[in-house]
Amino acid sequence: MKCSIIKYCFLLFITCLFTNEYGYATTIYVGKNKAYAQIKKALAASKNGDTIMVTSGLYKEGNIIIDKSVVLLGENYPILDGELKHEILSIKSSNVSINGFRIQNSGRTTMSDPGGIKIYDAKNVTIEKNILINNYFGIYLQYAVNCVIKNNVISASQKEENRSGNGVHCWKSDSLQVIGNKIEGHRDGIYFEFVTHSVIWRNIAKYNLRYGLHFMFSHNNAYITNYFKNNGAGVAVMFTKKVTMMNNTFEENWGDAAYGVLFKELSDCYLSGNRFIRNTTGIFLDGSNRIKAERNLFLNNGWGMRLQANCMDNLIAHNDFIGNTFDVTTNGSLTLNEFYQNYWDKYEGYDLDKDKVGDVPYHPLSLYAVIVEKNPPAMLLYRSFMISLLDKSEKILPSLTPENFIDNKPRMSPYNL
Amino acid sequence: MIRILKYVALDILKNKIIIAYAIMLALFSWSSFGLEDNASKGLLTVLNIVLLTVPLMSILFATIYIYNSGEFIELLVSHPVKRSKIWKALFTGLSVSMIAAYVIGAGIPLLIFTNWDIALMMIAVGSLLSVIFVALAFLSSIITRDKAKGIGTSIMLWLYFALLFDGLVLFLFFQFADYPIEKVIVFLSALSPIDLSRILILLRLDVSAMLGYTGAVFKNSFGSDWGLVVSFLLLSLWILLPFYISLRKFRKKDL
């Protein structure tokens, strides 16, 4: 017993010995009438583990490079201004935290892609509760691992795509958490390329010039409870495996090339509880395989779902299709996907045995949808009486629409999603 | 002319069919706005009604009315009144009453349930359609003295514009799918007042985003302010041309 106490005392001593560098971490104050007037000077004087407390005021210091593991805390949102010339915060060290700043007017050159906050090759960086206004890129991460981007408000107001960067831009990163950010008016709200094992939760991306969310080659990510509204071209995601999307809302993406979600070459994905409301196209699947979509709501879209014939082994089950002009359409006669127990508001069948499942299979593909897919100009005949007649007769005797494009067990009542 | 117009208008009102027509339209519109949970869906239903029933009612009622007032016309001709005045008065009387019925029946719910620019567009287009088909009725009833033939012609005209024309357009789409026919189609659709009206209204709605490239071509040609003027001019031409031909025939006709 006595022996072990001595052992512990020894251990404690050793620990103190090796960690005393952190033990003496200090807080450095920056601002008027404080120890330092400039953040750069405070950074130069700081050491790993220090906290730099910046009081409110306007700081025009050009490019601030953070190459130590420090916590940068803003009090009452001090303003860091890049004067449209500089990248504002460059984080080149791991274990950095940036909290409570207002970061504005970064430079805008396409050569170096300056950002309001840019993380270079770092781990464990936290960027929280900042306001980013009128920057080229908002928050830019490259080779970042295990970083948290949380509760930031990011907005820009450029009119043209080529003069604007992305709100949250991540490249070759891993294990990120992008949570609770609001992104408006950038080119893409959230942009991922080669980003893996990350979670994107509770973000709001609206009125962005191009896409609300845009990712490529970003495997094993989860997108949960995000809200994408009225972005120039909606949301487009490509060339990715194992994506989970749950409880997201995709709303009001109107335009010829705007999609609630565009899935290009995605596979092994799971979509559940998403809401597609008032989009020209709710979800567009192109070359996408083994996707399971269940309990999603497709409400008042032009096309609820466009499932190209190059998609296979997708399961579309237990969804609500309500008030769409066309529920589903495809561009060929080959169908290798399954529809199961969806609710279709255009279903006119009956349920004699009262098991809440219609007794007659439902063909969700209307003749007019097929005609329009083959012949887009035919959309000009939309709402023509002739078209309604053709549709009705096709419903009774299908001849042009693919035979196996069918929901064998359509639900009688909606799921209230 | 004003006095003849008054006689005609009173006569049509006494007929009560116009009133029934207004009530029918009102029932249709109120119920479709009431049943659909969102106004734009209701609007599309009303659009269908307007594009089908308004032309049918206008052309049939006007044709039959002209045939029935043959004796009245003969009586007027024996008086010192210009023939063209009689014909114009008849035309104005019928047009005004059709428009009134439409505006009261469908216009009021439109103004209440949808936003103003769409409602006004629908009212303008519906009124123009009423007058266009009254004009066509005048043409078909002056061509032949035979009542059955005249009414038959009217029904044929309605069928052609409401149904057959779209079928032909669809056929053309398929036949020339490999060619850039958008501009031709835009030109073609101007050849049917019903199609032109339908597209004019569709361009005002949300669904315009679904019209794709052709829609964009259409929007460029007819959606701009100038385009709007052009399309209304085209619709007016659909009134003036048939009526003018019928007027010339009526002047020279041996009653």
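Student: What is the strand order in the open sheet of chain A?
Tutor: This is a predicted model. Its open sheet in chain A has twelve strands, ordered β4-β7-β10-β13-β16-β19-β22-β25-β28-β31-β34-β37, and the pairing is parallel.

Student: Which strands are at the edges?
Tutor: In chain A, β4 (64-66) and β37 (326-329) are the edge strands, and each of them pairs on one side only.

Student: And by how many degrees are neighbouring strands turned against each other?
Tutor: On average by 10 degrees, with direction ignored.

Student: Let's go inside the sheet. How many bridges are there between β22 and β25 of chain A?
Tutor: Three bridges, in the parallel sense, pair β22 (residues 213-216) with β25 (residues 234-241) in chain A. In one of these bridges, A:F215 has A:V237 in β25(A) as its partner.

Student: What does A:V237 stand opposite in β28(A)?
Tutor: A:V237 stands opposite A:F263 there. Strands β25(A) and β28(A) run parallel and are joined by six bridges.

Student: What joins β28 to β31 in chain A?
Tutor: Five bridges do, between β28 (residues 259-267) and β31 (residues 281-286) of chain A, and these strands run parallel too. A:K264 has A:D286 in β31(A) as its bridge partner.

Methods
Residues are numbered from 1 along each chain as its sequence is written. Chains are lettered from A and ligands numbered from 1 in the order in which they are written. This is a predicted model: local features need pLDDT of at least 70, side-chain atom pairs count only at pLDDT 80 or more; totals for chains, interfaces and linings use all residues. Two strands pair if DSSP finds at least two bridges between them. Helices (H or I, at least four residues) and strands (E, at least two) are DSSP runs, numbered from the N terminus. Axes are lines fitted to C-alpha atoms, for helices over the stretch in contact, and angles run from 0 to 180 degrees between N-to-C directions.
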